[in-house]
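Subject: Structure handover

Hello,

Please find the structure below, followed by notes on what turned up in it. The notes start with strand pairing and then move on to the chain contact and the salt bridges.

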Protein chains: 2
Amino acid sequence: MLPIQNFKDFINHNSLFAQSNKILLAVSGGKDSVLMVHFFKLAGFDFGIAHCNFNLRADESQRDENFVRMLANSLEVPFYVTHFKTKSYAAIHKISTQMAARDLRYNWFEEIRQSENYDFIALAQHQDDAMETILLNLTRGTGIAGLHGILPKRDKLIRPLLFLSREQINELIVKNDIDFVEDSSNLSVDYARNKIRLKVIPHLKEINPNLEQTFEQNIQRFSETELVLQNVVSELRGHLITEKQNNLYLEVAKVKTLKPQRLLMFELLRPYGFSELVVIELLQALDKQSGTSFYSNSHRITIDRKNLILSPVVTENQQLAFIHINDQTVNILQHKLSMSFTDEPYFERGSERAFVDADKLIFPLVLRTWQSGDKFIPLGMKFFKKLSDFFIDNKIPLVEKGSVPILINGNGEVIWLGGMRQDERYKVTPSTKKVAIFSLK
Amino acid sequence: MLPIQNFKDFINHNSLFAQSNKILLAVSGGKDSVLMVHFFKLAGFDFGIAHCNFNLRADESQRDENFVRMLANSLEVPFYVTHFKTKSYAAIHKISTQMAARDLRYNWFEEIRQSENYDFIALAQHQDDAMETILLNLTRGTGIAGLHGILPKRDKLIRPLLFLSREQINELIVKNDIDFVEDSSNLSVDYARNKIRLKVIPHLKEINPNLEQTFEQNIQRFSETELVLQNVVSELRGHLITEKQNNLYLEVAKVKTLKPQRLLMFELLRPYGFSELVVIELLQALDKQSGTSFYSNSHRITIDRKNLILSPVVTENQQLAFIHINDQTVNILQHKLSMSFTDEPYFERGSERAFVDADKLIFPLVLRTWQSGDKFIPLGMKFFKKLSDFFIDNKIPLVEKGSVPILINGNGEVIWLGGMRQDERYKVTPSTKKVAIFSLK
C-alpha cells in the first residue's frame, strides 16, 4: 500500500543511488525514518539500519533503541547502534546539546558507512523540512543560496523521502498500520523551527492547501536561478582575476563596471572568506585614497592605484612558502614538500602522502605553520575540527605544533595537515579527473 | 520629531524624485498616508493630496473624506477628491470589489497627475507591506521575480515610506501625536494578506526581532540576483533567436545545450506569453517526432527538424501583414501604414499618428484586425482594458470593429489601436532614445 513507484521515480530522477548500492538508513524510530525503512524493504534495496542513542532521556532513549533493534531484526537487516554522552560532549566543546548531537551523529554514520562498506547514508527528511528550512533562512536573512531548501543529495547523504509531505507521511503510517515510537530526541526540532512548523506553516496552508507542492516548484526555480548566478560568477572569475607573484589581482576599472556590483563582488570574494559587510565597505572605499586594506580570516585585500590585491594573511613569526602550479618541490623549516600530478583517479591510505582532487586546487597554494583559528574537516568526518583540538586529541605536544607544515589552498582552506591527516573536502572521489600527490620529507 | 534625514536619504538613494518635482500623494486618511503627508510638509516638498471616496461604508467614507480635506486645507496644499460607485463597477466588470477599487484608484490618480501636472504619485506602502508581498508570493508560488517585494519606484509610482516598518510608523504617530482616521476602506488588506500580517509575521518576529531590516537586505540580494538572470537571458536572446520570413527560429541543438534548460527557455519564451507548464511540455517533446505545436494566447511554437519556429497566431478570417525593420509602408485592407524613425525624444498628441519608444519594438511587428481576447493599456491608464470594452466605450459599432487596424509588437502586445489610441507601455518617455513614428492613411 506504499506508493513505491513514486519512491523509485524520485530516486532515479535525482540520481540518488543505483539498484546495486548498499544504503545505510539513519533511523530514530520516529514516523519518518520508520516509513523510510518500509519503503526500502518493499523496493528490495540492500540496506542496513543505524541508530544513535543520545542518552538524553534515560528510559525513552532505551525504549527507542529497543524498538529500532527489533525492527531491524524482524526485517533481517544489519543493525548498528552507538551510545553518546551528548551533554558532556556539548559541555566540553561549548556547543548546544542539539549541535553536539548533530556532530556526533553525522561523524558516526560516516564511520559506519566507511567501515561497513555502505555507499550512501539515507536521512528521512521530507518536503515540510525543506519548506521550514527556507522560511527559517528567509527569517534569519539569506541570498538565493538559502532558498534551495534541503538538497536530495549532497556528498554521501541522500534524502529519498523528499517527495512526501509530513501530512502524506502521517497518512501512510495510519493507512498501513505501521508501528513507530514518538521520537524522544527529535534533534531537528529547535525553538525557531518549531515555531515555523506549528505556528506559521498551518496559516500558509490555509491560503494554499497545496503548499508543499508549490514550494517544491519554487525550489526548482530558485535552484536553477542559483545555478545561473554560479555560472556567471565562475566565468567572471576567469576574466577578472589574474595571478602575479603569489598575489591575485583585480583591476579596479573592471570592478567598477560590474553590474550588479555588490552581489557579483561578494560572490567573487566569497571563497576567500570575505563577508558581505566587508565587501560593501570595500566598494565604498574604491574611489578613496589607495592603500586601504580589508581582512577576512585568511586573506587581505588592498586597494592599490589600479588594482585590488588579494593575498593570504601571514602572521609575524610564521614560516610560509608559496607553491605554484609548475613547482615540483618547496622547502619550509626542515621539511621538503613534493608535488606531482596524475590523470588516474588513484589514492593510497596513509599519512605520508596526500592524494588530492587537483581540480579543487586554487594556485598559488601556501605551505605554512599553524595559526590560531585554523580548522579543517578530518578525512572521513563531516564537521569542522579546530586544529588545536586535533593536536590535543592526537597528543601532539604544544611545542611541536609550530613545526607541523600545513598545506593551504588558495581560498584559505586546509588541504593537508602535513604527515598527519588530509582534509575531507579535497579527497579523491569517483568523479575526480586529475589527482595531485603531495609528499613530505 | 520625524526622522526627516532618513526620509530624504531614502528618496535620494533610490532616485525617487528631484527637489523640484511636484508630487501627488495618495491619502486615505489612515496612519501610513497621513504620516507621509507630514514627512512631505516637513521636508518642504511641493505636493498635493488626492483622496478616493469608494462609497463602501456610507458614514465612514464621508468622515474619511472630510478628515483628509481638512488636513489638506490646514496645510494649504491642493486637494483632489473623487467618488466611485465601486460595487456597481465591480458588478459590471465581474471583478472583486477590491480589484475594482484598485483599478478605479490608479486610473484616477494617473488622470489627476497628468491634468494637474504632477511628476509622480506617492503611495504610503512600508516595509511590512513589502514583506507580506514576498511571503504571499512564496505561498502562492513564484520565481526570483516574486522576491523583490514592492519596488520603491515603478513608472510614475513612488513609495517613499519603504524605509519604515509598520511598528516604526505606529511609534512616530504616537510620539508626534498625529491625528488620523481608522481607515474604513483598507484596500490593500485581503483575506490572505491579513493572515500573513496578523498570524504569520508576528511569529517570525519572535525568531528575529529585526525582521523588517533582514527582509530589506534579503530583497536587495534577490533583486540583484534577478538582474543577473535578466542580463543572461537578454544576451542569450541575441545569440539564440534569429528572424527569417516573419518567423523566429531557435536551433534545437542550441536549446539542448542550455543549462539550466527549463528556467532559461521559460525566460526566453516569456515575452511571447508561454507558461511554465507549456515550456516543460515543449522541452519534453524536443526529441519526439517533429511537427508538434504548442500555443500561447498570441503565438505558436512548432518543433521542426532542426529548429523551433515561433510565429504569431492568426485566425482564419483575419487580415494580417508583417512589418520588418526596414519597411517604410505596409498595406492592409484599405489602410496604408507608414513607419519612420527619429533619434529625438519627440512626440505629438493626437490619434492620427503614434509616437513609440523604438527600443521596445520586437520585429517583425504585425498589423492585423481585431481578434477576441485582445487587450491593451490605453495611453494614460495603468490597467488593461479589453479592446471590445474600449470599442463599446468609444461607441464604435460592432461591424466596424473588424476594420480597425491594430499594430502588434513581436511579443503579441498591442502597440497602437490604429487611428484611435496608443498603448501606455510603448509611449515616448524622458528616457526614450529613439522614436518610431507610425501613421495611417
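**Strands in chain A**

Lys22(A) stands opposite Asp46(A) in β2(A). These notes describe a predicted model, in which local features need pLDDT of at least 70, side-chain atom pairs count only at pLDDT 80 or more, and totals for chains, interfaces and linings use all residues. Residues are numbered from 1 along each chain as its sequence is written, chains are lettered from A and ligands numbered from 1 in the order in which they are written, and side-chain values use heavy atoms, with hydrogens and water left out.

Helices (H or I, at least four residues) and strands (E, at least two) are DSSP runs, numbered from the N terminus. Two strands pair if DSSP finds at least two bridges between them. Strand β1 (residues 22-26) of chain A pairs with strand β2 (residues 46-53) of chain A in the parallel sense, over five bridges. In chain A, six strands make up an open sheet with mixed pairing, in the order β3-β2-β1-β4-β6-β5. At its edges stand β3 (79-83) and β5 (153-154) of chain A, each with a single partner strand, so one side of each has no neighbour in the sheet.

**Strand β11 of chain B**

β11(B) pairs antiparallel with β8(B) (residues 247-251) over four bridges, with Leu250(B) opposite Leu308(B). It also runs antiparallel to β10(B) (residues 299-303), joined by five bridges, and Thr302(B) has Ile309(B) as its bridge partner. A hairpin of three residues links β10(B) to β11(B).

**How the two chains meet**

Chain A superposes on chain B by a rotation of 180 degrees with 0.1 Å of shift along the axis, at RMSD 0.1 Å (least squares on the C-alpha atoms of residues with pLDDT of at least 70 in both). That is the relation of a two-fold axis. The C-alpha of Val200(A) is the nearest to the axis in chain A, at 2.6 Å.

The contact (heavy atoms within 4.5 Å) takes 42 residues from chain A and 42 residues from chain B. Of the interface residues of chain A, 100% are also interface residues in chain B, so the copies meet through the same surface. The buried area (accessible area, 1.4 Å probe, that two parts lose on being put together, summed over both) is about 3,700 Å², and carbon and sulfur atoms give 69% of it. Leu138(A), Thr139(A) and Ile207(A) lose the most area in chain A, together 17% of what that side buries.

**Salt bridges**

A salt bridge here is a side-chain nitrogen of Lys or Arg within 4 Å of a carboxyl oxygen of Asp or Glu. The whole structure has 44 salt bridges over all chains, and the count between chain A and chain B is six. Lys195(A) forms a salt bridge with Glu206(B), with the closest N and O atoms 2.5 Å apart.

Within chain A, Glu212(A) and Lys205(A) meet in a salt bridge at 2.6 Å, N to O. Glu212(A) counts as buried at 5% relative accessibility, and Lys205(A) counts as buried at 18%.

Regards

Terms used:
Buried < 20%, exposed > 50% of the residue type's maximum accessible area, 1.4 Å probe, protein only.
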